Each structure stands twice: as structure tokens, then as C-alpha cells.
Amino acid sequence: MTVSELVLVITAFVAPYVVWLLQRKYLAPKLKISYIHDQPMSRRSSRYFKQEPDLKEPVFDFHFQVVNEGKSTARKVEAVIMELWFHDASGKPKKQEDFFPVNLRFDPKNPRYIDITPKRPILWNVGNIPSKHIQERLDEDSIYDAPGTKSDGLRFLLDLYRSPFFQTNAFKPGSYGIKVSLYSENDYQAEILLKIDWSGNWRDTEEEMFREIVITQVQSIT
């Protein structure tokens with residue numbers, strides 16, 4: 001085999017890889033996550049609950065925002081709570097060691113995966129606080145409170161996709177942290193850390209309620 005023939009053979013093998021690398025660098029999706037403790041990411045709304053199907057009750061909803069800053073659609077994106085922290089009796093954050101990853105729902109239709117087109121911001125569910133009337137009717141057998149404080153008060157409910165048995169899905173009054181990672185079929189991992197401080201008290205207005213629960217995007221829980 002001559003040198004020129006060898007070069008052609010090598011080029012035939014290398015060229016597709018180089019094209020793939022260029023597409024990956026310049027045309028790939030790029031997911032960015034953010035949270036601001038204000039509308040529309042945190043807001044008061046109302047809806048029907050299975051506990052009271054004929055009565056529309058108030059609820060406070062919380063979401064983080066996802067934007068695809070890349071050049072192509074991010075396919076089959078899922079949001080997964082990877083780690084959870086609670087604050088112990090001394091007030092120090094402690095990672096829940098027996099916590100295993102679980103998906104957050106995108107919306108009430110319960111999808112696990114969605115496609116995210118470039119530039120269009122979407123809101124992904126984190127959790128909600130239903131009214132006292134609804135919380136008094138929750139099935140306690142399906143509620144698994146995070147470790148830490150057991151103070152009386154309303155719960156913050158994580159909006160999980162098909163919550164597995166015995167997995168944490170609710171926060172009583174206290175301080176908590178979660179790490180949420182986004183995964184897709186064709187993008188690298190993106191993540192957000194959220195600190196949740198919750199008093200357990202219901203207030204009717206957003207202005208008052210968002211002093212009772214404060215969710216903050218942070219760089220570190222510890």
C-alpha cells in the first residue's frame with residue numbers, strides 16, 4: 001500500500017469522527033437550569049384534587065426553568081432528584097444516605113421524558129403546597145416524610161413521577177436541599193441545587209406565603 005493510499009484509508013475512518021465532533025461541539029443542545037423565587041416559577045394557583053374532585057382548591061406551585069441554549073433539540077429529557085439533604089437537630093445539613101434517584105414529573109399528564117427545542121423556556125415541576133383542606137385529606141399511607149424535623153404544619157409535596165414505595169416525597173416544616181440533574185438522549189448532564197426552607201404555615205397571598213417558604217438556587221448545600 002502506498003503512502004497516498006494509506007492516507008485515504010485513514011481519512012475514510014477519521015473523517016466521520018471529526019464531523020461528529022464538530023456537530024457535537026457546535027450543533028448539540030445545551031441545557032441550562034435556573035430558579036427564581038417569584039412568578040412564574042413560584043406562584044399561587046388553584047385546581048381540582050382527587051381528594052375533593054368537585055371542589056377547586058388553592059395551591060402554591062414551584063418549578064425550575066429549563067432553556068436549551070444549543071442549536072438542536074434535546075431529546076427525551078428527564079429530571080431526576082439525585083440527592084437529598086435534611087437539617088438535623090443541631091441545624092446542620094445531612095445527606096439522606098438511603099435516598100435513591102427518582103424522577104420529577106413535567107406536568108399533570110405525568111410524562112417522564114420531553115423534547116426541548118432551542119431557545120424556548122419551559123417550567124419543570126418541583127413540588128407544591130395544597131391547601132389545608134386538601135392536606136387534611138391526604139392518604140397518610142402514601143406520604144413519606146424526609147428525615148429531620150417532625151414539627152406540626154403543612155407539608156411541601158414533591159411532584160414525583162410514579163414515586164416508588166417508601167421513597168421520600170414530602171417535607172414537613174424544616175430546611176432541606178435537593179440536587180436535580182437533567183439527562184437527555186443527546187446532551188451532557190446539567191444540574192441545579194435547591195435549598196428549601198419551609199415554616200409549615202399557610203398564607204393566602206403570594207407575598208405572605210413566599211416568606212413562609214423560601215426556595216433558593218445555591219452552589220452548595222453544605
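Glu 136 is exposed, with a relative accessible area of 53% (buried denotes under 20% relative accessible area, exposed over 50%, and partly exposed in between, with a 1.4 Å probe and protein chains only). The model is predicted, with local features requiring pLDDT of at least 70 and side-chain atom pairs counted only at pLDDT 80 or more, while totals for chains, interfaces and linings use all residues. Residues are numbered from 1 along each chain as its sequence is written, and side-chain values use heavy atoms, with hydrogens and water left out.

The side chain of Glu 136 forms a salt bridge with that of Arg 137, at 3.7 Å from N to O (a salt bridge is a side-chain nitrogen of Lys or Arg within 4 Å of a carboxyl oxygen of Asp or Glu). Arg 137 is partly exposed, at 37% relative accessibility. In total, the structure holds 13 salt bridges.

A further salt bridge pairs Arg 155 with Glu 140, with an N to O distance of 3.2 Å. Both Arg 155 and Glu 140 lie in the loop between α2 (132-135) and β9 (156-158), so the pair ties together parts that are 15 residues apart in sequence. Helices (H or I, at least four residues) and strands (E, at least two) are DSSP runs, numbered from the N terminus. Arg 155 is buried, with a relative accessible area of 9%, whereas Glu 140 is partly exposed at 46%.

Lys 195 and Asp 197 are also joined by a salt bridge, at 2.8 Å from N to O. Each residue of this pair is partly exposed, Lys 195 at 25% relative accessibility and Asp 197 at 23%. Salt bridges that share partners join Glu 83, Lys 95, Lys 179 and Glu 191 into one network.

The backbone was examined for cis peptide bonds and positive phi values. A cis peptide bond, with omega about 0°, joins Gln 39 and Pro 40. Pro 40 is placed in the loop between β1 (31-34) and β2 (42-49).

Positive phi occurs at Lys 76, a residue other than glycine, with a value near 50°. Lys 76 belongs to strand β4 (residues 74-87) and is partly exposed, with a relative accessible area of 41%. Lys 119, likewise not a glycine, has a positive phi of about 75°. The location of Lys 119 is the loop between β7 (114-116) and β8 (122-130), and this residue is exposed, with a relative accessible area of 55%.
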